[in-house]
Amino acid sequence: MVLRRSAPITVNAPPSDAQPSDALPSATAVRDLFDRIAPVYDTINAQLSGGLHRVWKRMAITWSQAQPGQTCLDLCCGSGDLALLLAERVGPTGQVYGLDFAVAQLAIAQQRAANHWPPLDIQWLEGDALDLPFAAATFDAATMGYGLRNLTDIPQGLRELHRVLKPGATAAILDFHQPQQPWMQGFQQWYLDQVVVPTATRHGLTAEYAYIAPSLERFPNGVKQVEIAHQVGFEQAIHYPVAGGLMGVLVVTR
Ligand SMILES: C[S@@+](CC[C@H](N)C(=O)[O-])C[C@H]1O[C@@H](n2cnc3c(N)ncnc32)[C@H](O)[C@@H]1O
């Protein structure tokens, strides 16, 4: 399936299963899951967040500091929400690349960009966030939405992001987060059990969405994310809690 609209950088990198862990699903399992849920992914997202995920994504775009005319990357782009917003931000003189390893998600992203008015020229690439098909210091800014938590090797994902950003460039990484306050933790657990899973069940995807809770339990908190970002070489790293700490945005600058 050709998902490129013009000259490719590279495509079809296989998912990296380089550092498997007993506690983690394999990269192949993650990719298959996102391919399976692609047809209803956007609908379920809108239902589960009451549309708020779009607000949080716009915040991430602002934090990425992407500017008109720049070359930007949306990692783990899925059906393309953040890549589309980035393309609007950089305008016709800029260039946006959306990368994901789930081809079914990319097909939807490509369709959405084609239906957008004015048309958005985004390069959609099938590739592995743990082994990026870009030269070092390529991008002026980057985003990643709900991708970091799904990587089988988070430090390697941040290392690759660091490599492909230009010196001084910033990336904003939005994802779920475990809040510190016990009552918010209780609310999050209730929301996952009583809202997320039943909503997914109505779409016949119970098991597919039951993965969120364990993936969140494994996910490093904001403090730890900042620590890892510094370890892989980022000059600056700040984690901003969003929505009472239910979500967070890690902002890193090379
Ligand atoms: C929860 S979805 C987020 C999609 C989109 N960014 C959004 O915010 O709606 C996570 C995406 O990460 C992708 N993903 C996970 N691991 C990946 C990897 N190693 N390389 C490329 N994509 C990956 C999945 O295929 C999936 O589309």
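A residue counts as buried if 20 or more other C-beta atoms lie within 10 Å of its own. In this predicted model, strand β7 (residues 247-253) is mostly covered by that criterion. Of its 7 residues, 6 are buried.

Strand β7 pairs with two other strands. Strand β5 (residues 165-176) runs antiparallel to β7, and 7 bridges link them. Within this pairing, Phe176 is bridged to Met247 of β7. Strand β6 (residues 236-242) is also antiparallel to β7, again with 7 bridges. Here Ile238 has Val251 of β7 as its bridge partner. β6 and β7 form a hairpin, with 4 residues between the strands. Ala243 lies in the turn and has a positive phi of about 55°.

The largest nonpolar core holds 61 residues. Cys72, Leu75, Ala83, Leu86, Ala142 and Ala171 touch the most other members. Helix α3 contributes the largest share of this core, 7 residues. The surroundings of Cys72 can be listed in detail. Beyond its neighbours within four places in sequence, Cys72 contacts Ala66, Leu86, Val90, Gly94, Val96, Phe139, Asp140, Ala141 and Ala142.

Notes:
Residues are numbered from 1 along each chain as its sequence is written. This is a predicted model: local features need pLDDT of at least 70, side-chain atom pairs count only at pLDDT 80 or more; totals for chains, interfaces and linings use all residues. A nonpolar core is a set of buried Ala, Val, Leu, Ile, Met, Phe, Trp, Tyr and Cys residues joined through C-beta atoms within 7 Å. A residue is buried if 20 or more other C-beta atoms lie within 10 Å of its own, exposed if 12 or fewer, and partly exposed in between; C-beta atoms are placed from the backbone. Two residues are in contact if their C-beta atoms, placed from the backbone, lie within 7 Å. Two strands pair if DSSP finds at least two bridges between them.
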